[in-house]
Amino acid sequence: MARGEPLIRQWNLLKTLQVHRFGIGAEDLAQRLKCSKRQVQRDLNVMHDVGFPITFEERDFGKRFWKLEPNFIAHENLLLSVTECLSLLLSQKLLAPLSGTQFGDGLTSAMEKIKALLPRKTLGHFGRLSDTLFVKTTPFHDYSSQSKEISVLNKAIAERWAVKLRYAPPGREAFDAVLQPYGMVLLGAGLYCVGRLLGHEHGEDLRKLKLSRCIGVELTAQRFERPDDFTLEDCMQGSFGVFSSGEVQAVAVRFTGWAATSVREQQWHPTQVITEDGDGGVIAEFRLSDTTEFKRWVLGFGRHAVVLQPEDFAADVAAELAAAAEAYEAEVRTEEEMMG
């Protein structure tokens, strides 16, 4: 038996009991969980012993119908089911990059309160879930050193205060500016602040500033009004990552070999449409307003990705690949000269 199989089965047992508010028999449970009735009975005993509120009613000539109390935690205004509690415990790992910040600390403190209400045996039993579902986030950035900046930005966003900051873009000189922050976006391990940047060469453009590059964020005495129709979701439309400057255009790429398998198996963008292209290949179509991050993604597939449209983007990718090949050839020549 696989190491995590009992935990997964017991998780599914709890979910099934949670759905059947009026109870379900052991035979039906066994059928749904694809195991024996005896195994179901053992799992029910284990779950009860570690503190889960599982009970039964005898009906239909003594047949037991097993039930789970609808609210695992019922404390004043806090009502949580079993699976909600367990899912929250796992969600902490997904938000690991925000540990030590207002966002991460809020979840941590909430979970500490929940843990305080749970029986120790219950916590210990599903504490082994990391053996079954290990959450690995790469790349990883620790934002705890910027807790102050995040706190200031949160206040500025909520109360509509402009902030002044120093921004250090990669490969360019740092500059001072005033930002009207509208909200924040977490993309993978990257945290971005979206807002209107004032006092800079870009005028009053809506910008997405990477928080790890923001230095010395301070509140100003200047108020601002965020547009009523602004939403972070709309702001991210058309972007493959965070960049979304320009008109939306159709982009098509042919993928072959292992790249086709990778693209076919995942939804890389909300607008993605996959068409089979024969011999195991696929054509993927997207609607994007910026191809900066998309270009990096396509280049990662090497010769197994060929841009079909638009023509200028295809030429750009081809030039990048040619430059890469030239760089490799130059490196080989240098090594041969050194050896010869």
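Modeller: Start with a bridge: Ile24 has Trp66 in E3 as its bridge partner. The model is predicted, so local features need pLDDT of at least 70, side-chain atom pairs count only at pLDDT 80 or more, and totals for chains, interfaces and linings use all residues. Residues are numbered from 1 along each chain as its sequence is written, and side-chain values use heavy atoms, with hydrogens and water left out.

Biologist: What makes E1 and E3 paired strands?

Modeller: Two strands pair if DSSP finds at least two bridges between them. E1 and E3 are joined by two bridges and run antiparallel. The strands themselves are DSSP runs of at least two residues (E), helices are runs of at least four (H or I), and both are numbered from the N terminus.

Biologist: What joins E2 to E3?

Modeller: Six bridges join E2 (residues 54-59) to E3 (residues 63-68), and the two run antiparallel. Glu58 faces Arg64 of E3. Three residues lie between the strands of this hairpin, and Asp60 there takes a positive phi near 50°.

Biologist: In what order do the strands of the open sheet come?

Modeller: The order is E1-E3-E2, three strands with antiparallel pairing. E1 (24-25) and E2 stand at the edges, because each has a single partner strand and so one side is left without a neighbour in the sheet.

Biologist: Which charges sit over rings of Phe65 and Phe56?

Modeller: The rule wants NZ of Lys or CZ of Arg within 6 Å of the ring centre and within 35 degrees of the ring normal. The charged end of Arg59 sits over the ring of Phe65, 4.1 Å from its centre. Arg64 lies over the face of Phe56, at 4.1 Å from the ring centre.

Biologist: What does the side chain of Asp43 join in a polar contact?

Modeller: The side chain of Arg9, at 2.5 Å. A polar contact is a pair of N or O atoms within 3.5 Å; within protein, one must be able to donate a hydrogen and the other to accept it, and residues adjacent in sequence count only if both atoms are side-chain atoms. Neighbours within four places in sequence aside, Asp43 is in contact (heavy atoms within 4.5 Å) with Arg9, Gln10 and Leu13.

Biologist: How do you know whether Cys193 is bonded to Cys214?

Modeller: A disulfide is a pair of cysteine sulfur atoms within 2.5 Å. The closest cysteine sulfur to that of Cys193 is in Cys214, 6.8 Å away, so it is too far for a bond. The count of disulfides by this rule is zero. Cys193 is buried because its relative accessible area is 1%. Cys35, at 22% relative accessibility, therefore counts as partly exposed.

Biologist: How many aromatic pairs are there?

Modeller: The count is 16. Rings of Phe, Tyr and Trp (its six-membered ring) pair if their centres lie within 6.5 Å; planes under 30 degrees apart count as stacked, over 60 as edge-to-face and the rest as tilted.

Biologist: What makes Phe255 and Phe301 edge-to-face?

Modeller: Their planes are 75° apart, with 5.2 Å centre to centre. The pair links distant parts of the chain: Phe255 is in strand E11 (residues 249-255), and Phe301 is in the loop between helix H10 (292-299) and strand E14 (305-309), 46 residues apart. Both Phe255 and Phe301 are buried.

Biologist: What is the angle between the planes of Trp258 and Phe301?

Modeller: It is 35°, with 5.6 Å centre to centre, and the pair is tilted. Trp258 lies in helix H9 (residues 257-264), 43 residues apart from Phe301. Trp258 is at 47% relative accessibility, so it counts as partly exposed. Phe301 has a relative accessible area of 7%, so Phe301 is buried.

Key. Buried < 20%, exposed > 50% of the residue type's maximum accessible area, 1.4 Å probe, protein only.
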